[in-house]
Amino acid sequence: MWSKSNSHGRRIAAITVIGTAIVLPLVIFVLGPNMPPGKATQVARGQVTDNTVLLVVMTPFTVFILGYLGYAIWAFRAPKGETELRDGAPIRGHMPSQIAWLATTTVAVLFLAIFGTTELLANNGAGSGSGPNPVSKPSGQVLPVQVIGQQWEFTYRYPTYGGVETAQLVLPVGQEVAFHVTSLDAVHSFWAYELGVKADANPGVDNIAYVKPAKVGTFQIRCAELCGLWHGYMFDTGRIVSTSDFKTWIAGERTAFAGIMKYLPKYSTSYSPDPPYRAG
Amino acid sequence: MNVRRLIGFNLLTAVVLGVVGFYAGWWLGHQITGKSIAYFSDTNQNDIALFVAYLVGVIGFLVGLGFANYPVQRLLGKPPSLREKEQHGVRRYFGLCTDHKVVGIQYLLGIGAFIFVGGLNAMLIRFELMRPAHLVWNGNNYLTLVGVHGTMMMGMMTSGILGPFANYLVPLMIGSRRMAFPRIEALTFWLLMAAGTILMTTFAFGGFPTGWTGYAPLSEQANLGIDAYIAFFALVGVSMMLLGLNMLATVITMRAPGMTWGRLPIFVWATVSTSVLMLLAAPVLISTLLMLALDRTAQTGFFNDQTGGSSYLYENLFWFFGHPEVYILAIPGMGILLEILPVFSRKPLWGYRLAVTGMLGIAILSFLVWQHHLFMSGINADLRPFYMLSTEIISLPTGFIFICALGTLWKGRIRATVPMLFCLAWLFNFLIGGLTGVFLSDVPSDVTTHGSFFSMAHFHYTIMGGLLFAFFAGIYYWVPKMTGYNFNERLGKVHFWIMFLAFNSTFGPLLVIGFLGMPRRVVTYAGYLQGANDWVSVSAFVLGGSMLIFLANIIWSQVFARVPTGMNPWGSKSIEWQLPSPVPVHNFDRIPTFGSDPYPYGDNAGSNLAQRPIVAPARPTP
């Protein structure tokens, strides 16, 4: 399609360039900032940037393929009412354009892989479940919060506050948090949408994800891995509060659950309850 | 009707023996294990009895069809009956028949029926999702619908194109009178029908809650209904493995003179690539499900943390099969696309070698990407950059398919026939499917999209938008050759436009809904998503309705209108269109000799055959 004296090729090139020039600013300035999961945390902010970069890389390819397709269907259509079958030119390939396509897509793919790896090793992958020994750990003091998936709710233990187990997730603002996600039965997935956190809860596994809440507010928690009968009802709302409010809240929880605490197993990175009984 | 004709090895006997075998196996299983099993379970459920029942039932079904006749007679030293070759008329479609054309049509009807059931499940799922809270189905019924929809589609559509079209066309395209193993060919089809029936029995045993992935340990807690899932998928695995083996053996050994590897139609290359995947991936599925069945019956504990196993083991094994599986679904669609585009562009296939490289490249790479399904699971977190790279590299061979398709359109003389419209729609849908896949391959982006409606919409764009659109392209293109009667083109175009628009109107918004935070397989969702979900549900009903137009078209054109197709209505230069419609029982009067690939458009050649004619004209079909 880049062969000489070829007005079709020039038109498609023009469609691609002009189309990209129109769409790209829209992608960067209109669509990009509205990409999920929002700006509640540094991690989420980084994911918005990543999503925008992916869109930017895709844009020229999308414009080219759709532009080409539309142009080809219009320009190369058989004349209406042509009954006799007439063949097109016997073109069986065009090495320069094949090489150009291979080179362009290879560059784009390698860029995506390198970019993704860099972002993963920087902070942006921290919200994903990174196993018991994450490669990149945040510096400074970290608040550990254990998320226990069970059929069909999440409960939360705060080991630095006497291992108290609560039914609500409350986090102090501006404090780096390490979620230790585990399960008592089936595989669940802890998805805190606005925080940009998703980590599978596997029985017997300590799956760690880091996040640093940036502003006071609420966030949605849902189970993102099919875990049985009431999977669809396994949702919750978490809260991000100021440090002093958090201190008050956790002190209240410790008093409220003091009677129950002695029946709980000691805090551990994972738990091994009795084998499950059959249930829906 | 003569009642005596009903007695013998036929479908009726098979169903009777299948049901008898099921109950005999049920009784036998209880004899082996006693009335109830106390361990692991507080219920009276006997998994061993159910597995034995399924096994004996399937064996009874196959014996009833006559699959045992040949080996038994050989064992007894008697000359084997070749009765299954000699059937004529409509009867041969309802029993064991080793004619590859009959098996192809059987596949089309059988798989079509089960896909219709899977589609109905999707309608029921979308009906429930019209309200954020409970509407009609309780949690268990909803999850069973989701599970049966997913399992039926993923299981049946593995052979959705290879079953009907490759069985029918590959021998014709390579100039052979039959497949390498005709009895195995028939076996793959009847195994699939037995499997589909078994999956439907899950409703009688309480359904299953795991979706099509069957993640342990949830599948180990589940009630008896999950045994239907396990038996179904294992049988599909056996069928897939045998189909792949048969296809490879056929293409390698049975090509006619002149049909060199460089002249194989691109659809045959797609079949070869898919068959390699089937042959290598299906055994992993079968053994995984065997381990799951042992966990449920013999208490082995492969996948249970409390007994020393690991849920990661199941996830790894399942996706080691599961990712090749999605390319088993995708590559045949690419084959149909690149086979049909040259015909209606009147151009040779652009970049034949690039397309072949693309398909084989996808096939090889697809074994190296499976852990992108486990990006959030915490396993091998340090290996994620590798799986990110391998997943993104697989878009290179997929890009080859695109550039070959676009190049084929270049300076062609494009005719917008119904099959061509489906192919062009394939390009649009698969483009969206591929681009949305990039978000899932990138770990930071995957945090939001993993396990959400976004990933669900993504794979529907690739599988439904790719495979099913190609499937319909194949039906509108080749079924006139199989039956000898044309489709009604106007109804076909109405079907296409409604299906294409409704498809995008269904799954486009689902991408956004996923981005907004709705997980998959949930029966409830956030209230502010109701408007979008209602839109999607209505679109889905229209999408389902478009299938009724298709059914009407089949019934009208193939039963009532019956406009004869003639030998070559599309002006194709491929060999199957140089034969009468329908193709005679023995395909060719003499084995053809090939002079080129099947795309000699613009070369003044009538077809890819070196000599003509290969079939005497006006030969009556028996």
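**Entry 1: confidence**

I began with a term: pLDDT is the predictor's confidence in each residue, on a scale from 0 to 100. I noted that this is a predicted model, in which local features need pLDDT of at least 70 and side-chain atom pairs count only at pLDDT 80 or more, while totals for chains, interfaces and linings use all residues. Residues are numbered from 1 along each chain as its sequence is written, and chains are lettered from A and ligands numbered from 1 in the order in which they are written.

I looked up the overall scores and found an ipTM of 0.93 and a pTM of 0.94. For chain B the average pLDDT is 91, and 94% of the residues score at least 70. Where does the pLDDT of chain B stay under 50? One such stretch is residues 38-42, for which the model has six contacts beyond four places in sequence; two residues are in contact if their C-beta atoms, placed from the backbone, lie within 7 Å. Residues 618-622 of chain B also have a pLDDT below 50, and this stretch has six contacts beyond near neighbours in sequence.

**Entry 2: domains of chain B**

I found chain B divided into domain 1 (1-79) and domain 2 (89-578), with bounds that come from an automatic or database domain assignment. The centres of these two domains of chain B, taken over C-alpha atoms, are separated by 30 Å. Their contact takes 18 residues from domain 1 of chain B and 17 residues from domain 2 of chain B. On the domain 1 side, the largest share is nine residues from helix α2 (residues 47-65) of chain B. Helices (H or I, at least four residues) and strands (E, at least two) are DSSP runs, numbered from the N terminus.

I sorted that side of domain 1 of chain B by class and recorded 14 nonpolar, three polar and one charged residues. Here Ala, Val, Leu, Ile, Met, Phe, Trp, Tyr, Cys and Pro count as nonpolar, Asp, Glu, Lys and Arg as charged, and the others, Gly among them, as polar.

**Entry 3: domains of chain A**

I then turned to chain A, which is divided into domain 1 (7-76 + 97-121) and domain 2 (143-261). Their C-alpha centres lie 37 Å apart. Domain 1 of chain A gives eight residues to the contact and domain 2 of chain A gives 11 residues.

**Entry 4: the two chains together**

How many residues does each chain give to the contact between chain B and chain A? I read 82 residues from chain B and 82 residues from chain A. On the side of chain B, α14(B) gives the most, with eight residues. By class, this side of chain B has 39 nonpolar, 30 polar and 13 charged residues.

**Entry 5: a helix pair in chain B**

I examined helix α9 (residues 225-253) and helix α10 (residues 266-297) of chain B, which pack at an angle of about 150° with their axes 7 Å apart. Axes are lines fitted to C-alpha atoms, for helices over the stretch in contact, and angles run from 0 to 180 degrees between N-to-C directions. The angle therefore makes α9(B) roughly antiparallel to α10(B) (under 35 degrees is roughly parallel, over 145 roughly antiparallel, 65 to 115 roughly perpendicular, the rest oblique). The residues of this contact divide into 22 nonpolar, four polar and no charged.

**Entry 6: backbone details**

I located a cis peptide bond joining B:Ala216 and B:Pro217, with omega about 0°. B:Pro217 is in the loop between α7 (182-200) and α8 of chain B.
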